[in-house]
Amino acid sequence: MSFYSTFKNGIRTALLVAVAMLSWTQASAEQAKADGQNQLTYQPQLENQRDPNQYCAKCHKFNEQQFHGVHLNKVNPNNGKPINCVSCHGNISEDHRRGVKDVMRFHGDIFSDKAPMYSVQEQNQVCFACHQPAKLREKFWVHDVHAMKLPCASCHTLHPTNDAMKDVQPKERVKLCVDCHGKQQAIQQEKNIKKDTQ
């Protein structure tokens, strides 16, 4: 076989491979285009969409009062979306089922020696996603004074049907202030006495 015939056969083979690849690429492009058109007409079924509240309730045993509290039947006034567990507690990681504490936790006991997992500002920013600080200040001046030093959860109960702070009468408000600040002063005096005796 001469060099010329080998060269000619090589070119013929290369052309056949190129034509086959071109045909395959074109067929793939047409299939992708058809798939794209199918995706545009696809409508997701409602039963396939996860309900975050039900997903959380599979592991967390909510009692009736907590699960159907004031937040879970409301919508966010800023975006109109329904409030669910994830709205306040955030998304979970893959390790969540193994006990990783990766969700927002609200720590209301301001007199506890245990440090909260999240700062006051981090906790309150979640609340401010729905409850606007300016409106809270208008409603009751105490919000302005305490919002950066105390978590909202120190006064407000987050899950029950009725918030204990709602519709508190003026005389009861004064008692709340006196009780809380009185306890705060007593703890501070106790710390001062311990400090002086050391």
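**Terms and values**

Trainee: Why is Q123 called buried?
Mentor: Q123 has a relative accessible area of 2%. Buried means under 20%, exposed over 50% and partly exposed in between, with a 1.4 Å probe and protein chains only; Q123 is therefore buried. This is a predicted model, in which local features need pLDDT of at least 70, side-chain atom pairs count only at pLDDT 80 or more, and totals for chains, interfaces and linings use all residues. Residues are numbered from 1 along each chain as its sequence is written, and side-chain values use heavy atoms, with hydrogens and water left out.

Trainee: Which residues touch Q123?
Mentor: Setting aside residues up to four places away in sequence, they are M104, R105, F106, H107, P116, Y118 and P151; contact means heavy atoms within 4.5 Å.

Trainee: Where does Q123 lie?
Mentor: Q123 belongs to helix α5, residues 120-128. Other buried residues of α5 include V120 and F128, and the cover over the buried residues includes α4 and α6.

Trainee: What makes R98 exposed?
Mentor: The relative accessibility of R98 is 68%, so R98 counts as exposed. R98 is in the loop between α4 and α5.

Trainee: What makes a polar contact with the side chain of R98?
Mentor: The side chain of D95 does, at 2.4 Å. The term requires a pair of N or O atoms within 3.5 Å; within protein, one must be able to donate a hydrogen and the other to accept it, and residues adjacent in sequence count only if both atoms are side-chain atoms.

Technical notes
Helices (H or I, at least four residues) and strands (E, at least two) are DSSP runs, numbered from the N terminus.
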